[in-house]
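Reader: I'd like to go through this one with you and keep asking how you know what you say. Could you take it from the top?

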Amino acid sequence: MIKLTGITKTFGKTEVIRGIDLEIRRGEIFTLIGPSGCGKTTLLRLLDLLETPTGGTYHFEDIDTQDPSTDLLALRRRMAMVFQKPAVLNTSVQENVAFGLKFRGVDPDVIPDRVREALERVGLFHLATRRAISLSGGEMQRVAIARAIITNPEILFLDEPTANLDPISSDTIESVIKEINRESKTTIILATHDMAQGQRLANHIGVIMDGRLVQEGTGHDIFYRPETQAIARFVGIDTILSGTITRKEGDHAFIAVCGRTIEAITSLPQGANVNLYLRPEEVSLSLPGIIDPGRSSVRNHLPGRITNIVPFGPFERVTVDCGCAITALLTRLSCEDLHLSPGTEVIAGIKASAVHVTAEVP
Amino acid sequence: MSDIISGISQAITLIVTLNPDVLEIAALSIYISLSATLLAACISIPIGGLIHFHEFYGKKVVITLIQTLYSVPTVVVGLIIYLLLSRSGPLGFFGLLFTPEGMILGQTVLIIPIMMGLVISALGGVDRTIRDTLVSLGATGFQGVIQIVKEARYGILSAVILGFGRAISEVGVAMMIGGNINGETRVLTTAIALQTGMGDFPFSIALGIILLVIALVVVVCLNLLTSGAFEKFGQGRTGAPRE
């Protein structure tokens with residue numbers, strides 16, 4: 001449905017988008033994740049035809065958007081966008097929602113029904129006559145969604161639709177987005193810096209960093225098989241180690257890492273220099289001398305000393321010095337059960353299959 | 001002090017008894033200044049819009065010039081218009097000097113800069129995201145401009161009110177172009193100046209009160225007009241109670 005080839009966008013001397021190739025299929029939900037300022041918003045604005053690319057091509061359903069004979073207004077009217085900062089016009093909620101239909105010259109008799117339908121979809125029909133600027137942030141964002149979907153767009157762009165919203169408003173908006181995709185078959189492209197949200201909503205995820213699409217794939221690919229250290233750090237992998245494969249038994253590799261041996265699964269050959277990625281929730285901690293038989297599948301037992309414990313929501317992030325720093329994510333309760341504190345000697349347990357190995361990159 | 005008190009009581013008598021001289025002067029003032037305001041609005045809003053919505057070389061300079069002209073002395077405008085309209089001037093053949101229409105022209109020229117400048121500011125005050133939202137919702141250029149103008153309505157209204165205020169309160173143009181001819185071009189401000197010079201304080205005070213009452217009525221009417229004209233779906237203003 002959408003095909004970008006080598007898209008670039010420069011503002012003044014700043015290159016915000018540095019060559020993006022991307023293909024979006026009709027009916028899918030695609031999420032763009034990336035840190036703030038990475039170019040997500042600019043990419044969405046390019047897709048919604050609010051900006052013209054500096055270079056590259058953008059085809060929407062085989063229509064070349066840069067062809068001077070292309071009617072951009074007609075194309076734009078097949079799309080809709082919800083901006084990060086919802087802008088409502090200073091009039092009633094229902095008037096705000098009706099704009100898209102009015103601009104398209106839809107018969108005024110059918111507008112009230114369509115407005116009702118759109119507002120019911122986001123659960124705001126009871127506020128139809130309210131002045132839009134008096135709404136809360138979450139309500140305004142839902143009005144913006146109703147306003148975008150009322151025209152039955154073929155594709156809907158959402159820029160950080162739940163940034164700065166409370167968790168309940170975010171949940172409501174996420175379920176509305178899924179419902180629109182399921183029931184109206186609307187293709188959805190959503191930008192977010194919240195990786196978990198990206199994963200909840202979509203199977204097809206793109207990671208954008210510094211104006212480049214650095215990885216594209218399923219949530220599992222991106223969370224467990226990041227292609228670079230930068231992506232790994234962005235998706236919450238705290239522990240990134242470097243080592244060398246010293247011995248292999250089939251795909252089972254023994255890797256020398258900071259004076260110890262870590263077992264992992266990889267197809268890389270013996271002698272290769274590799275990076276190891278350890279997700280903190282895959283690292284277990286136990287006290288020395290207590291062998292937990294339930295953990296027999298855990299191949300790596302690395303003794304170390306706790307250097308740091310930092311609260312992380314309902315969890316504690318525990319950093320253990322095992323020759324190199326390894327971070328584990330434990331529930332607060334298990335931390336208390338084990339009486340963990342800085343200085344405690346522990347064993348960090350890691351399954352061989354939980355270690356993601358890539359060829360070493362800088 | 002007694003001058004003021006007796007002046008006020010006589011002024012009230014003049015107003016309550018609908019003194020024909022007072023009424024005539026007041027009516028002419030309203031006619032001239034409202035006409036000038038209307039004309040200036042018809043020129044300033046579209047041109048202000050054009051300046052705001054287009055990027056062109058020297059845009060900042062143009063806006064600075066307009067803002068400089070906010071403080072142009074009324075007598076300077078009076079002088080220039082006088083020279084243009086006088087018999088030997090380039091526009092002399094219209095015969096507008098010392099006529100109400102000439103005064104309308106003069107006041108229009110006087111208040112265009114302030115109105116246009118404030119219209120540009122009002123439009124510039126509309127959030128950039130509103131513009132993007134409208135484009136994204138599929139508005140044509142024209143539909144977008146109309147919505148942005150509506151969004152800036154209160155700012156534009158202030159511009160019009162301020163323009164009217166400057167027109168009805170100014171003396172320079174009215175005196176120089178109108179000539180303060182009794183029964184022809186005498187307006188509130190020129191009459192106050194003249195009567196005060198002649199020591200007729202009650203008449204001046206009466207005209208002063210009327211001037212302020214006119215301003216009040218016009219402002220209230222314009223406010224009602226804006227809120228009514230742009231919000232035909234009036235239920236949006238009262239609305240349902242908050243959850």
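**How do you know?**

Author: Let's start with one residue: T186(A) counts as buried, because it has 21 C-beta neighbours inside 10 Å. Keep in mind that the model is a predicted one.

Reader: What makes T186(A) count as buried?

Author: The cut-off is 20 or more other C-beta atoms within 10 Å. T186(A) has 21, so it lands in the buried class. Across chain A, buried residues make up 41% of the 362 residues.

Reader: Where is T186(A) found, and which residues is it in contact with, leaving aside its neighbours within four places in sequence?

Author: T186(A) sits in the loop between helix 6 (167–184) and strand 8 (187–192) of chain A. Leaving aside neighbours within four places in sequence, its contacts are P153(A), E154(A), I155(A), L156(A), I180(A) and N181(A). F99(A), for its part, is 87 residues from T186(A) in sequence and 20 Å from it in space, C-alpha to C-alpha.

Reader: What makes strand 1 and strand 2 of chain A a pair?

Author: At least two bridges are needed for a pair. Strand 1 (residues 2–11) and strand 2 of chain A have eight, in the antiparallel sense, so they qualify. Within that pairing, I7(A) stands opposite I20(A) in strand 2 of chain A.

Reader: Which strands are the edge strands in the open sheet of five strands?

Author: That sheet, also in chain A, runs 15-19-16-17-18 with antiparallel pairing. Its edge strands are strand 15 (283–286) and strand 18 (325–331) of chain A, each pairing on one side only. From one strand to the next, the twist averages 45°.

Reader: How many bridges join strand 15 to strand 19 of chain A, and strand 17 to strand 18?

Author: Strand 15 and strand 19 (residues 345–350) of chain A share four bridges, with S286(A) partnered by I347(A) in strand 19 of chain A. Strand 17 (residues 315–321) and strand 18 of chain A share seven, and V318(A) has A328(A) as its bridge partner in strand 18 of chain A. Their hairpin has three residues between the strands, and G323(A) takes a positive phi near 95° there.

Reader: Over to chain B. Which way does helix 6 of chain B cross helix 7 of chain B: left-handed or right-handed?

Author: Right-handed. Helix 6 (residues 128–136) and helix 7 (residues 141–151) of chain B pack at about 145°, with axes 10 Å apart. I130(B), R131(B), L134(B) and V135(B) in helix 6 of chain B meet G144(B), Q147(B), I148(B) and E151(B) in helix 7 of chain B. By class, that contact has four nonpolar, two polar and two charged residues.

Reader: And how many residues does the contact take from chain A and from chain B?

Author: It takes 26 residues from chain A and 21 residues from chain B. Helix 3 of chain A gives the most to the side of chain A that touches chain B, with four residues. That side divides into ten nonpolar, seven polar and nine charged residues.

Technical notes
Residues numbered from 1 in each chain as written. Chains lettered and ligands numbered in written order. Predicted model: local features only at pLDDT ≥ 70, side-chain atom pairs only at ≥ 80, totals over all residues. Contact = placed C-beta atoms within 7 Å. Helix = DSSP H or I, 4+ residues; strand = E, 2+ residues; numbered from the N terminus. Nonpolar A, V, L, I, M, F, W, Y, C, P; charged D, E, K, R; others polar. Axes fitted to C-alpha atoms, helices over the stretch in contact; angles between N-to-C directions. Left-handed = near helix turned anticlockwise from the far one by under 90°. Buried ≥ 20, exposed ≤ 12 C-beta atoms within 10 Å, placed from the backbone.
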